[in-house]
Each structure stands twice: as structure tokens, then as C-alpha cells.
Amino acid sequence: MLKKWKRRRTSENVKENIFLRYSLIYVLGGVLVCPQVFGEAGNSKFGSLGKLVDILKIGKLKTCGDESSSIISPQKGITPSPFLTFAGIRYLSLSDIVKSLKCSIVLNNSNGFAKITKGGATVQLTAGQSYILYQTSKIYLSHELKFNLGNILVSYDDYLKVLVPLLAINLIAEKTPVLKTIVLDPGHGGKDPGAINARLNFSEKMLVLQMAMLLKAELVKRGYAVILTRETDSFVELKDRPTKAGRADLFVSLHLNSATNSSAQGVEIFTLRRTKNFSGNTFNPWNLMAAYSVLSAFEKTTNFSNRGVKMAEFVVLKSLPCPGILVELGFISNDAEAKKLADAAFQRKIIQGLADGIVKYGENLKKKR
Ligand SMILES: [Zn+2]
């Protein structure tokens, strides 16, 4: 009898324990992941949704995949902040995120600005903005940062696909890729000149081909196998470019920007839009890692202004069978920048930046493994 009672108490303690620790519940692909447990490296805990609902007595808990879900009621004093939903988008509070990722908040202003750190990484967040600042690079988000009751709110999607990869990459369960073979994709070609600067008689298709050839030589020197989607001034259909990445580990598309405002300048890197369901999204964490690795190295060697990591639904990225990025090296429409992009000595800085960034990405992958 006593034994039975003890066993019951123990099981209740366990329930209580779980009740306290499972503060936020996310459902991803049918698997429950608890951020409060996230931090215990190599000791992640999982449970079935039904069981947890039972234990937590939450009632109508809705899964993250259910766009109709509204606020999950907090259990006073025990359950955590809920997902807050604005216009159908789920948000988490920064203070809960910081706990779950075991970061430190070094600054948290009541006006909606916060600075968090982990290891050597710093992320700055400002309510109302649609990007965060990671080290020196803006990383654009899927949803604007909100502010509610003194707390910055980050969308669940951005938490999972931006903050976790940036601050706690070890929590990413997907297999870490290797980096041996790289596909370089000089944009445009043949009948498609891309952007042009008529004043200087420069075309995007020629400059990116020049730089892709130089980058290939540099990467081969550094021990990588390199494939180009075109090696001459020839037209290659957009849809045929990703297929050349069949056996590659990274796809890097090279382009030049153009704007009607001739003072627009700087480098920006695109990854595939993370909220959509493209096969290229399988590599979200690595796309982001490649983008910020290349962007920060490029910024260092060229001193170009850093326009950040953005997202787009480019055809060459949508169906990639490996991680990939699209680099807009600079603005051909800005005469001063276009002259640098076409200058042999400056091109060496560009190539060094791209190659250093790609190598850094490979090192980051190794660290994760
Ligand atoms: Zn282009």
C-alpha cells in the first residue's frame, strides 16, 4: 500500500516537474519541442501533444500549424507566456526566448530596444523593425518585431528559423551538410545582359562572369571543387541553373544590383523566403549561415556598405538540392561602385571576401558537427 502511494506521489512529482518546466510548447512537424528543455544540450525531451495537454490541463491547445489558434491561456504562476497572436501570426516574448536559448540580455530599454548576447554573438532587436542586427549585419525577418507590455515580441517563425540558428545552432536537429563542392552561378548571359550601366558601358552579365571565373580559381586553390553554371557569355535558363547543383554542397549565385537612385550602394545577400514551402527551405539554417558568413567577410575585405541578409523567392533558390545564396555584390547603377566592381585590383578584394566567407561557412559547419 505504502509502495503504491509512493509510486503515485513520484509520478505526480514528475508531472509537476514537467508542468513547471514545459513552459512554452511548440509543435513542429508533429513533434513537440520544449524550449525550456532546449538548453540541455544532448538531452532534449519530447512528448506527445495529447499527453502534455492532459498533464498541463491547458484545454484547447492548438498546434502551431493551426492558423486559427488564438491566445493559449496562461496558467497563472505556472504556465508561461503564451503565444500571442496578431493578425494570425504567433509571437513569443523576448524574455522567454532568452531563457529558452540561455542568452543574456545586456540591455532592455522600455522603449522597445534590446541587446542579447550568447558566446561571442550579439543580436540587437528594435520593436517595429523588420530585421535584427546580428553582429554588423541586418538579418531580415519574416515578421516585424512587436512590442507588448514592456516586452519585445518575436514571431515564432523568426524565433525558430533565425534566432535559434544564430544563437543556438546546436539545437538544429537536421543533418549538418559538408562543404566540398560549390556551384557558382554567374547571373544572366547571352541575350540577357542583366543590369547595365550605359555611361560606363558595363553589363552585369560580363562583370559577374569575370568574378565567377576568378572566384573559381581562388576556391580551387583553397581545396574546393567548383562547378560553374556558365563559363562563357551564354544564356542559361533560370530553371536549369539549380539542376547543376545536383551533387554540390553549396550554390552561390552572383549578381549586381541596379536602382534608379544612382547613390544606392552596397552588398546584400538573399536567401530563399523562409515562410513558403519550397524544397530549398529544407536548408534554411544553412542558407542563413552561408549568407551571414559570406556577408561579414565581404564587408571586411571590400568595406562596402552592408545592406543585410534579405529574403526573396528567386527561381534559382526555390528548388535547390543544397544550401544556397544569391549575392548582389554591389550597384552597377552607382558609377563609383561600378568602377570598383570592374577594377582588377578591387575585384581581388571582392574575390577574397567571397572566398573567405565560403571558407568561414565551412568552418561554421564543422563547429556544428
Ligand atoms: Zn542579376
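Buried residues make up 40% of the 369 residues in this protein. Buried means 20 or more other C-beta atoms within 10 Å of the residue's own, with C-beta atoms placed from the backbone. This is a predicted model: local features need pLDDT of at least 70, side-chain atom pairs count only at pLDDT 80 or more, and totals for chains, interfaces and linings use all residues. Numbering runs from 1 along each chain as its sequence is written.

Next, the overall layout. The protein has ten helices and 19 strands. These are DSSP runs, H or I of at least four residues for helices, E of at least two for strands, numbered from the N terminus. Take contacts between residues at least 6 apart in sequence: 67% join residues at least 24 apart. A contact is two C-beta atoms, placed from the backbone, within 7 Å.

Now H4, residues 94-101. Leu94, Asp96, Ile97, Ser100 and Leu101 are buried there. They sit on the same side of H4, because they cover an arc of only 155° around the axis. That arc is taken from the directions from the helix axis to the C-beta atoms. Just after H4, lysine 102 has a positive phi of about 55°.

Last, a helix pair. The axes of H5 (residues 156-167) and H7 (residues 284-302) come within 10 Å and cross at roughly 55°. Axes are lines fitted to C-alpha atoms over the stretch in contact, and angles run from 0 to 180 degrees between N-to-C directions. Who makes the contact? Lys161, Val162 and Pro165 on H5, with Asn284, Pro285, Leu288 and Met289 on H7.

Note on methods. Buried ≥ 20, exposed ≤ 12 C-beta atoms within 10 Å, placed from the backbone.
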